[in-house]
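Thanks, everyone. Let's go through one model, from the overall fold down to a few side chains. Here it is.

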Amino acid sequence: ATTATTATTTTPTPTSTSIGDWILVQAESACRGANPSDNSLAYYVVILAASLEECQRQCSRNPRRCRGVEFASTGRCEIWTRPNGIQSVAPVAGFNCYRNVQHPVFSDVISSFQGGQGTACRGDNTTDISPLHYRKGSAPSMENCQSQCESDATCKGINFNSAAHECLIWTRIIGATVPAISDTCLSFV
């Protein structure tokens, strides 16, 4: 939902209200990205739905991408697919924001190794970089690389190189990482 309201809401605290695999993040609020003003059109798709359940069902048709929904009684349904999910809300009367608690997420925990920014993915150990473990492609951003992973049923994680805009879609479990300045290694769990 689009609003000119200035919001001061911070990271949401889910309430105990849930519908199946969904948690109400906050009533009378619109879903947002990293902060209450982060409402990029790239984060969601708008459809019409007769009910909240239909809105959630439509989102659940793509379980690897469905992060949550924003629904209004008018039938407006935003299907949120932002790789980092719904991290904030903004107060908007008539809208409710729900998080899908069953979707896979990206994690920087790689076995006993720490992944994340400044690390490159490896197979069974720090020297295992077999090209059989991943598919090499390109991506303009880490979120784009994450989206490519989410769209691939065999994806176990990503290695994104920001300098080369290289996206490695890992198709085997990532077991180790090594330091790498321009790389980010994330498992998809």
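**Overall picture**

The protein has 2 helices and 16 strands. Both are DSSP runs numbered from the N terminus: H or I of at least four residues for helices, E of at least two for strands. This is a predicted model, where local features need pLDDT of at least 70, side-chain atom pairs count only at pLDDT 80 or more, and totals for chains, interfaces and linings use all residues. Residues are numbered from 1 along each chain as its sequence is written, and side-chain values use heavy atoms, with hydrogens and water left out.

How much of the protein is buried? Of its 189 residues, 49% are. Buried means under 20% relative accessible area, exposed over 50%, partly exposed in between, with a 1.4 Å probe and protein chains only. The accessible surface is about 9200 Å², and carbon and sulfur atoms hold 54% of that. Those areas come from Shrake-Rupley with a 1.4 Å probe; for residues, only the protein chains shown count as cover.

Now contacts, meaning heavy atoms within 4.5 Å. Take those with a separation of 6 or more: 70% are between residues 24 or more positions apart.

**Aromatic pairs**

There are 3 aromatic pairs in the structure. The rule: rings of Phe, Tyr and Trp (its six-membered ring) pair if their centres lie within 6.5 Å; planes under 30 degrees apart are stacked, over 60 edge-to-face, the rest tilted. Y43 and W80 have ring centres 5.7 Å apart and planes at 40°, so this pair is tilted. Y43 sits in the loop between β3 and β4, W80 in strand β6, 37 residues apart. Both Y43 and W80 are buried.

Next, Y134 and W170. Their ring centres are 5.6 Å apart with planes at 40°, so they are tilted too. Y134 is in strand β13 and W170 in strand β15, 36 residues apart. Y134 and W170 are both buried.

One cluster to note: Y43, Y44 and W80 form it together.

**A buried arginine**

Last stop, R32, in strand β3.

R32 does have a polar partner: its side chain and that of N39 make a polar contact of 3.4 Å. That term means N or O atoms within 3.5 Å; within protein, one must be able to donate a hydrogen and the other to accept it, and residues adjacent in sequence count only if both atoms are side-chain atoms. The backbone oxygen of P36 is also 3.1 Å from a polar atom of the R32 side chain.
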